[in-house]
Amino acid sequence: MQPVARIELLQGDITKLPVDAIVNAANTSLLGGGGVDGAIHRAAGPELLAECRTLGGCPTGGARLTKGYRLPARYVIHTAGPVYRDPQKSAVLLKSCYRNCLDLAVKHGIRTIAFPAISCGVYGYPVEDACRIAVDTTLDFLARNEHLKKVVFVLFSRRNHDVYRSYLQALGWPH
Ligand code: AR6
(Lines give C-alpha, C1' and ligand atoms only; values in the text may rest on other atoms or scores of the structure.)
Protein backbone atom coordinates (compact mmCIF):
# COMPACT_ATOMS: atom_id res chain seq x y z
CA MET A 1 0.00 0.00 0.00
CA GLN A 2 1.15 3.55 -0.75
CA PRO A 3 2.83 5.24 2.23
CA VAL A 4 0.24 8.02 2.47
CA ALA A 5 -2.58 5.45 2.54
CA ARG A 6 -1.07 3.93 5.69
CA ILE A 7 -1.47 7.20 7.63
CA GLU A 8 -4.51 7.90 9.79
CA LEU A 9 -5.52 11.06 11.60
CA LEU A 10 -7.56 11.26 14.79
CA GLN A 11 -8.62 13.94 17.20
CA GLY A 12 -8.75 12.70 20.79
CA ASP A 13 -6.95 10.93 23.59
CA ILE A 14 -4.04 8.70 22.58
CA THR A 15 -4.38 6.58 25.74
CA LYS A 16 -7.62 5.08 24.40
CA LEU A 17 -6.16 3.62 21.22
CA PRO A 18 -5.95 -0.14 20.71
CA VAL A 19 -2.79 -0.02 18.59
CA ASP A 20 0.38 -2.08 19.05
CA ALA A 21 2.25 0.95 20.41
CA ILE A 22 1.56 4.51 21.45
CA VAL A 23 4.34 7.08 21.58
CA ASN A 24 4.85 9.14 24.72
CA ALA A 25 6.13 12.73 24.46
CA ALA A 26 8.24 12.31 27.59
CA ASN A 27 11.32 14.07 28.95
CA THR A 28 14.89 12.84 29.30
CA SER A 29 14.28 11.47 32.82
CA LEU A 30 11.43 9.20 31.62
CA LEU A 31 9.99 9.59 35.10
CA GLY A 32 6.69 11.17 34.14
CA GLY A 33 5.33 14.69 33.86
CA GLY A 34 2.27 16.58 32.64
CA GLY A 35 0.48 16.66 29.29
CA VAL A 36 0.33 13.45 27.31
CA ASP A 37 3.07 11.94 29.51
CA GLY A 38 0.90 12.37 32.62
CA ALA A 39 -2.15 10.98 30.83
CA ILE A 40 -0.24 7.89 29.67
CA HIS A 41 1.17 7.18 33.14
CA ARG A 42 -2.27 7.62 34.74
CA ALA A 43 -3.92 5.26 32.27
CA ALA A 44 -1.12 2.66 32.29
CA GLY A 45 -0.85 2.48 36.08
CA PRO A 46 2.16 2.53 38.44
CA GLU A 47 3.87 -0.46 36.79
CA LEU A 48 4.79 1.83 33.90
CA LEU A 49 6.78 4.19 36.14
CA ALA A 50 8.44 1.19 37.77
CA GLU A 51 9.68 -0.05 34.38
CA CYS A 52 10.71 3.47 33.33
CA ARG A 53 12.87 3.72 36.46
CA THR A 54 14.96 0.80 35.20
CA LEU A 55 15.77 2.52 31.90
CA GLY A 56 18.12 5.26 33.12
CA GLY A 57 16.55 8.02 31.05
CA CYS A 58 16.70 8.78 27.34
CA PRO A 59 18.63 11.45 25.42
CA THR A 60 16.70 14.13 23.53
CA GLY A 61 15.79 12.65 20.15
CA GLY A 62 16.11 9.06 21.43
CA ALA A 63 13.43 6.43 22.06
CA ARG A 64 12.87 3.66 24.61
CA LEU A 65 10.28 0.89 24.71
CA THR A 66 8.23 -0.36 27.65
CA LYS A 67 5.13 -2.47 28.04
CA GLY A 68 1.73 -0.75 28.00
CA TYR A 69 0.38 -2.35 31.21
CA ARG A 70 -3.27 -1.19 31.68
CA LEU A 71 -3.38 0.64 28.35
CA PRO A 72 -5.13 -0.89 25.36
CA ALA A 73 -1.80 -0.50 23.54
CA ARG A 74 0.65 -3.35 24.06
CA TYR A 75 3.72 -1.09 24.18
CA VAL A 76 4.66 2.49 24.93
CA ILE A 77 7.56 4.03 23.04
CA HIS A 78 8.90 6.94 25.05
CA THR A 79 10.75 9.72 23.30
CA ALA A 80 12.18 12.99 24.59
CA GLY A 81 11.36 15.79 22.20
CA PRO A 82 13.39 19.00 21.98
CA VAL A 83 12.42 22.14 23.85
CA TYR A 84 11.85 24.54 20.95
CA ARG A 85 14.66 27.09 20.74
CA ASP A 86 16.96 27.17 17.71
CA PRO A 87 14.72 26.14 14.76
CA GLN A 88 17.40 24.19 12.91
CA LYS A 89 18.72 22.27 15.89
CA SER A 90 15.19 21.57 17.10
CA ALA A 91 14.20 20.23 13.67
CA VAL A 92 17.10 17.76 13.62
CA LEU A 93 16.16 16.50 17.09
CA LEU A 94 12.44 16.26 16.38
CA LYS A 95 13.11 14.30 13.19
CA SER A 96 15.33 12.01 15.20
CA CYS A 97 12.45 11.36 17.66
CA TYR A 98 10.19 10.15 14.84
CA ARG A 99 12.94 8.11 13.18
CA ASN A 100 14.03 6.43 16.38
CA CYS A 101 10.46 5.61 17.43
CA LEU A 102 9.73 4.08 14.03
CA ASP A 103 13.01 2.13 13.99
CA LEU A 104 12.30 0.76 17.46
CA ALA A 105 8.74 -0.15 16.46
CA VAL A 106 9.91 -2.21 13.48
CA LYS A 107 12.59 -3.86 15.60
CA HIS A 108 9.86 -5.09 17.96
CA GLY A 109 7.48 -6.31 15.27
CA ILE A 110 5.02 -3.47 15.83
CA ARG A 111 2.57 -3.06 12.95
CA THR A 112 0.41 -0.18 14.18
CA ILE A 113 1.67 2.88 16.06
CA ALA A 114 0.15 6.17 17.22
CA PHE A 115 2.02 9.46 17.71
CA PRO A 116 0.98 12.56 19.63
CA ALA A 117 2.30 15.96 18.50
CA ILE A 118 5.72 15.56 20.14
CA SER A 119 7.08 18.85 21.59
CA CYS A 120 3.96 20.83 20.60
CA GLY A 121 2.75 21.37 24.18
CA VAL A 122 4.91 22.75 26.98
CA TYR A 123 8.03 22.35 24.81
CA GLY A 124 6.66 25.07 22.51
CA TYR A 125 7.28 23.66 19.02
CA PRO A 126 5.14 25.49 16.41
CA VAL A 127 2.65 22.87 15.26
CA GLU A 128 2.86 23.75 11.54
CA ASP A 129 6.62 23.07 11.54
CA ALA A 130 6.35 20.01 13.78
CA CYS A 131 3.60 18.58 11.56
CA ARG A 132 5.77 18.79 8.45
CA ILE A 133 8.62 17.00 10.22
CA ALA A 134 6.31 14.32 11.64
CA VAL A 135 4.59 13.59 8.34
CA ASP A 136 7.63 13.84 6.06
CA THR A 137 9.79 11.65 8.30
CA THR A 138 7.01 9.08 8.60
CA LEU A 139 6.28 8.95 4.87
CA ASP A 140 9.95 8.55 4.11
CA PHE A 141 10.14 5.69 6.61
CA LEU A 142 6.97 3.99 5.33
CA ALA A 143 8.29 4.08 1.77
CA ARG A 144 11.23 1.93 2.90
CA ASN A 145 9.38 -0.30 5.41
CA GLU A 146 6.53 -2.48 4.27
CA HIS A 147 6.29 -3.96 7.74
CA LEU A 148 4.47 -1.01 9.33
CA LYS A 149 0.79 -1.20 8.41
CA LYS A 150 -0.56 1.91 10.06
CA VAL A 151 0.70 5.14 11.61
CA VAL A 152 -1.90 7.22 13.45
CA PHE A 153 -1.33 10.88 14.29
CA VAL A 154 -3.45 11.73 17.32
CA LEU A 155 -4.11 15.39 17.97
CA PHE A 156 -5.70 16.53 21.16
CA SER A 157 -7.01 19.86 19.87
CA ARG A 158 -9.21 20.60 16.88
CA ARG A 159 -6.74 23.29 15.77
CA ASN A 160 -3.78 20.89 15.65
CA HIS A 161 -5.92 18.28 13.94
CA ASP A 162 -6.80 20.83 11.25
CA VAL A 163 -3.13 21.69 10.71
CA TYR A 164 -2.29 18.02 10.14
CA ARG A 165 -5.33 17.46 7.94
CA SER A 166 -4.45 20.38 5.65
CA TYR A 167 -0.86 19.26 5.31
CA LEU A 168 -1.83 15.64 4.60
CA GLN A 169 -4.52 16.62 2.10
CA ALA A 170 -1.93 18.64 0.16
CA LEU A 171 0.03 15.38 -0.14
CA GLY A 172 -2.95 13.50 -1.60
CA TRP A 173 -4.33 12.04 1.63
CA PRO A 174 -6.55 10.08 2.09
CA HIS A 175 -5.53 7.94 -0.83
N1 AR6 B 1 -3.64 12.42 23.82
C2 AR6 B 1 -3.09 12.99 22.73
N3 AR6 B 1 -2.43 14.18 22.77
C4 AR6 B 1 -2.35 14.80 23.96
C5 AR6 B 1 -2.91 14.27 25.15
C6 AR6 B 1 -3.58 13.01 25.05
N7 AR6 B 1 -4.12 12.41 26.11
N8 AR6 B 1 -2.66 15.14 26.17
C9 AR6 B 1 -1.99 16.17 25.64
N10 AR6 B 1 -1.80 15.99 24.30
P11 AR6 B 1 2.95 17.85 25.89
P12 AR6 B 1 5.74 18.19 24.96
C13 AR6 B 1 -1.12 16.86 23.33
O14 AR6 B 1 3.03 19.12 26.66
O15 AR6 B 1 5.45 19.52 24.39
C16 AR6 B 1 5.55 16.63 29.89
O17 AR6 B 1 5.49 17.15 31.18
C18 AR6 B 1 -0.93 18.30 23.68
O19 AR6 B 1 -2.11 19.02 23.40
O20 AR6 B 1 2.30 16.68 26.49
O21 AR6 B 1 6.54 17.21 24.14
C22 AR6 B 1 6.74 15.70 29.70
O23 AR6 B 1 7.06 15.01 30.87
C24 AR6 B 1 0.22 18.69 22.74
O25 AR6 B 1 -0.26 19.05 21.44
O26 AR6 B 1 4.45 17.36 25.43
C27 AR6 B 1 7.82 16.64 29.29
O28 AR6 B 1 8.45 17.23 30.41
C29 AR6 B 1 1.03 17.41 22.61
O30 AR6 B 1 0.20 16.36 23.17
C31 AR6 B 1 7.10 17.70 28.50
O32 AR6 B 1 5.75 17.70 28.98
C33 AR6 B 1 2.35 17.43 23.33
O34 AR6 B 1 2.24 18.22 24.51
C35 AR6 B 1 7.07 17.38 27.02
O36 AR6 B 1 6.49 18.44 26.32
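This is a predicted model, in which local features need pLDDT of at least 70 and side-chain atom pairs count only at pLDDT 80 or more, while totals for chains, interfaces and linings use all residues. Residues are numbered from 1 along each chain as its sequence is written, and side-chain values use heavy atoms, with hydrogens and water left out.

An oxygen atom of the ligand lies 2.8 Å from a polar backbone atom of Ser119. A polar backbone atom of Val122 is 3.0 Å from a ligand oxygen atom, and a polar side-chain atom of Asp37 is 2.7 Å from a ligand oxygen atom. A polar contact here is a pair of N or O atoms within 3.5 Å; within protein, one must be able to donate a hydrogen and the other to accept it, and residues adjacent in sequence count only if both atoms are side-chain atoms. Taken alone, the ligand exposes 700 Å², and the protein buries 89% of that (Shrake-Rupley method, 1.4 Å probe; for residues, only the protein chains shown count as cover).

Around the ligand there are 22 residues, of which Asn27, Gly34, Asp37, Ser119 and Gly121 come nearest; a residue counts as near if one of its heavy atoms lies within 4 Å. By class, this shell has 11 nonpolar, nine polar and two charged residues. Ala, Val, Leu, Ile, Met, Phe, Trp, Tyr, Cys and Pro count as nonpolar, Asp, Glu, Lys and Arg as charged, and the others, Gly among them, as polar. Helix H1 gives the most to the shell, with four residues. Helices (H or I, at least four residues) and strands (E, at least two) are DSSP runs, numbered from the N terminus.

The ligand takes up the space of the largest pocket, meaning that more than half of its atoms lie within 2 Å of the grid points. On a 1 Å grid over the protein atoms alone, a pocket is an open set of points where a 1.4 Å probe fits, with protein on both sides within 12 Å along at least five of seven lines; lining residues have an atom within 4 Å of a point. The lining consists of 26 residues, with Ala25, Gly35, Val36, Ala117 and Gly121 nearest the pocket centre. Elements giving two or more residues to this lining are S2, H1 and strand S6 (150–155).

Two backbone features remain. Leu30, in the loop between S2 and H1, has a positive phi near 60° although it is not glycine. The peptide bond from Trp173 to Pro174 is cis, with omega near -5°, and Pro174 is in the segment after helix H5 (158–170).
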